[in-house]
Amino acid sequence: MQRIINFVLRYRNAFLYAFFAFISLVMTIRSHSYHQSKFFNSSKWVTGSIYGAGSDVSSYFNLKDENSRLVDENRRLRKLLFNSISDTITASLDSTEMQHEVLSAKLIKNSYISPRNYVTIDKGARDGVHQDMGVITTDGILGIVENVSNKFATVQSVLNTKSNINAKIKGTEYFGSLIWDAKDYTVVQLVDIPRLVPLVVGDTIVTGGMSSIFPENVPVGTIKKYDLNDSKSFYNIDVELFSDMANIKNVYLIENKDKEEIQELEARTIE
């Protein structure tokens with residue numbers, strides 16, 4: 001207590017000056033409407049700035065939740081999209097009748113410069129992930145689930161020399177196989193397209209929907225260049241990918257609920 005009293009006595013002149021300055025300021029503001037107006041406008045600016053800064057800080061710390069909400073919203077919209085373009089379901093909102101289920105996940109490891117690239121995602125068997133599910137980004141295809149553990153899964157990237165995905169020229173039924181020659185991580189190759197097909201650089205390539213893994217018309221990329229193969233019967237087409245394979249975080253996994261039934265039927269037919 002004595003130390004507080006000594007502090008006040010030491011700075012008594014400053015405290016006295018501040019007290020009279022405050023009294024003078026109050027009397028000045030109360031005596032003229034112009035000063036009152038200026039004071040209240042300034043106080044509103046100060047409080048507005050403080051509230052604005054507080055709102056910015058709060059928004060920053062809420063970005064993670066907002067991002068999760070957007071990813072889940074995208075997942076639901078893609079589920080509706082894939083099922084609405086199906087021939088068997090027409091925009092039904094009953095999830096039990098939908099052919100395709102969509103899950104969201106995040107990449108925890110990505111490779112794109114080796115001949116056999118794989119990515120690892122943070123969802124596994126406990127989340128409903130299983131082998132041969134199609135994986136896409138917000139821009140286009142990424143690959144196919146190859147191995148699954150309880151909490152994680154590895155995906156064979158489209159940038160893998162063993163990858164072979166059914167794809168076609170958008171707006172047509174001319175389809176071929178999408179492969180990768182391991183030369184450029186932004187470009188894959190579409191082969192087995194007959195030479196009679198009219199091609200234009202810039203045409204869009206989409207999934208063909210013939211494999212039961214990807215729905216039809218998932219974006220792949222655009223034609224960068226094309227040429228006839230050695231037999232002069234089919235085109236070799238370079239396709240520039242929509243997905244930036246070096247910059248991926250959120251992905252979506254697609255499950256075709258009818259795949260097992262289709263594969264079983266096809267197996268019985270072959271026998």
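This dialogue explains how to read several features of a predicted model.

Me: Is His100 buried or exposed, and how does one decide?

Reply: The general idea is to compare the relative accessible area with a cut-off, and a residue under 20% counts as buried. In this structure, His100 has a relative accessibility of 5%, so His100 counts as buried.

Me: Where in the structure is His100 placed, and which residues does His100 touch, not counting residues up to four places away in sequence?

Reply: His100 belongs to strand E1, which covers residues 100–110. With residues up to four places away in sequence left out, the contacts of His100 are Lys79, Phe82, Asn83, Pro215, Ile254, Glu255 and Asn256.

Me: How many aromatic pairs does the structure hold, and how is the geometry of a pair described?

Reply: The general idea is to take the distance between ring centres and the angle between the planes; an angle over 60 degrees counts as edge-to-face, under 30 as stacked, and the rest as tilted. The structure holds five aromatic pairs. One of them joins Phe7 and Tyr11, with 5.0 Å centre to centre and 55° between the planes, and this pair is tilted. Tyr226 and Tyr235 form an edge-to-face pair, at 5.5 Å centre to centre and with 85° between the planes.

Me: What cluster do ring pairs form with Phe7 and Tyr11, and which residues form a nonpolar patch on the surface?

Reply: Ring pairs link Phe7, Tyr11 and Phe15 into a cluster. The nonpolar patch on the surface consists of Met1, Ile4, Ile5, Phe7, Val8, Leu9, Tyr11 and Phe15, which together have about 810 Å² of accessible area. Helix H1, residues 2–10, supplies the largest share of this patch, namely five residues. Val8 lies in helix H1, and Val8 is partly exposed, with a relative accessible area of 41%.

Terms used. Residues are numbered from 1 along each chain as its sequence is written. This is a predicted model: local features need pLDDT of at least 70, side-chain atom pairs count only at pLDDT 80 or more; totals for chains, interfaces and linings use all residues. Side-chain values use heavy atoms; hydrogens and water are left out. Helices (H or I, at least four residues) and strands (E, at least two) are DSSP runs, numbered from the N terminus. Buried means under 20% relative accessible area, exposed over 50%, partly exposed in between (1.4 Å probe, protein chains only). Contact means heavy atoms within 4.5 Å. Rings of Phe, Tyr and Trp (its six-membered ring) pair if their centres lie within 6.5 Å; planes under 30 degrees apart count as stacked, over 60 as edge-to-face and the rest as tilted. Patches are made of residues with over 30% relative accessible area and no salt bridge: like charges are joined within 9 Å, nonpolar side chains (Val, Leu, Ile, Met, Phe, Trp, Tyr) within 5 Å. Accessible areas come from the Shrake-Rupley method with a 1.4 Å probe; for residues, only the protein chains shown count as cover. A salt bridge is a side-chain nitrogen of Lys or Arg within 4 Å of a carboxyl oxygen of Asp or Glu.
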